[in-house]
Amino acid sequence: MDNRDEVRDFLTSRRARISPEQAGLPEGPRRRVPGLRRSEVAALADMSVEYYAKLERGSLAGVSPAVLESVARVLRLDDAERAHLLNLAQAADGTDVLARPRRRRTGDRWKVHRSLQWTLDAVTAGPAFVRNGRLDVLATNQLGRAFHRDLYAGPGNQANLARFQFLDPASRRFYPDWDMFAGVTVAVLRTEAGRNPYDRDLHDLIGELATRSEEFRTRWGAHDVRHHGTGTKHFHHDIVGEVTLAFEGLELAAEPGLTMTVYAAEPGSASEEALRLLASWAATHESPAPDVRA
């Protein structure tokens, strides 16, 4: 797979953010561009300038894990960035990517199996849902449907959190920290693009968002990636107001590529009471499970 442009942009963007001081080098005279020079990365990674320049031009096919680790160390890549670099190298080789099952097109319906839906429904104190790497919400519990009612209110969202984030004005109310959420959303999609470069639905989604949202285009160009497994988020729900929730993302062993996300409020907090009120509301205004596709 020819992903040289992606490799080049990722490596140059990571190099630009490392200062000489961070790398343990003297700053020297004023630099015309930020970050390390190619020659400095090559020296710190113990390779020739010509070889590193070849890597940064996007030629990762056949590069050994040891070389990739040296580059990752010098560029101070975090775990998500290291994994992304490895995925890019595997895509360039056409090795690991070919062994992965191809992602289903949207024409192939994914149906939640009964035990998974039972598991979601067993979570009654917080919103819980299953998503794929494209951020399609595929299944949810009752409280999750009520919590994300804005997502389902706009048919154009297609039950996709990225479309909701960048194309639905309601997201700016729902996410008080909209800029932070936007960055996370793009980083998750960028990570998925590296992990599954043959996912045509993902490419279609990215193309749609890049065409319709300048906010998305700007963030996509930053080449940021991340693992999004745990943390705390702030929301403003139109029924219960401000809520602060912790979340955990659990990868489903029986459904590779899918993640179950469960939100929970701090015990005894105003947010816990808000979720109780929302659960009471949902019990009398229950929405049917969305008809979504994987």
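This is a predicted model: local features need pLDDT of at least 70, side-chain atom pairs count only at pLDDT 80 or more; totals for chains, interfaces and linings use all residues.

**Helix H15 and its surroundings**

Tutor: The buried residues of H15 pack against helix H8 (142-147), strand E3 (230-237) and strand E4 (241-251).

H15 covers residues 270-284, which makes 15 residues. From its first C-alpha to its last it reaches 22 Å, close to the 21 Å expected at 1.5 Å a residue. Five of its residues need attention here: Ser271, Ala274, Leu275, Leu278 and Ala282 are the buried residues of H15. Seen down the helix axis, these buried residues fall within an arc of 100°, so they line one face of H15.

Next comes the direction of the helix. H15 lies across E3 and E4, and its course is at about 85° to E4. Those two strands pair with each other in the antiparallel sense, over eight bridges. Within that pairing, Lys233 stands opposite Leu245 in E4.

E3 and E4 belong to an open sheet of five strands, in the order E2-E1-E5-E4-E3, with antiparallel pairing. The edge strands are E3 and strand E2 (137-140), each of which pairs on one side only. On average, neighbouring strands of this sheet are turned by 30° against each other, direction ignored.

Moving along the sheet from E4, the next pairing is with E5. E4 and E5 are joined in the antiparallel sense over six bridges; here Glu248 stands opposite Val262 in E5. E5 also pairs with E1, again in the antiparallel sense, over four bridges. The bridge partner of Arg131 is Thr259 in E5.

Helix H7 (residues 114-122) lies across strand E1 (128-131), E2 and strand E5 (259-264), and it runs at about 65° to E2.

The largest nonpolar core holds 38 residues, of which Phe147, Tyr175, Leu189, Phe216 and Phe235 touch the most other members. H15 is one of the elements that give two or more residues to this core; the others are H8, helix H10 (161-167), helix H12 (178-195), helix H13 (200-212), helix H14 (214-220) and E4. H12 gives the most, with eight residues.

One core member can be followed in detail. Leaving out residues up to four places away in sequence, Tyr175 touches Leu161, Phe164, Gln165, Phe181 and Phe235. Apart from this core lies another, of 24 residues, among them Ile18, Ala42, Val67 and Ala72.

Arg163 is buried, with a relative accessible area of 11%. Not counting residues up to four places away in sequence, Arg163 touches Gly156, Asn157, Gln158, Asp168, Leu205, Glu208 and Leu209.

To return to the helix itself: the buried residues of H15 line one face, and that face includes Leu275 and Leu278.

How values were computed. Residues are numbered from 1 along each chain as its sequence is written. Side-chain values use heavy atoms; hydrogens and water are left out. The expected span of a helix is 1.5 Å times one less than its number of residues. Buried means under 20% relative accessible area, exposed over 50%, partly exposed in between (1.4 Å probe, protein chains only). The arc is that of the directions from the helix axis to the C-beta atoms. Contact means heavy atoms within 4.5 Å. Two strands pair if DSSP finds at least two bridges between them. Axes are lines fitted to C-alpha atoms, for helices over the stretch in contact, and angles run from 0 to 180 degrees between N-to-C directions. A nonpolar core is a set of buried Ala, Val, Leu, Ile, Met, Phe, Trp, Tyr and Cys residues joined through side-chain atoms within 4.5 Å.
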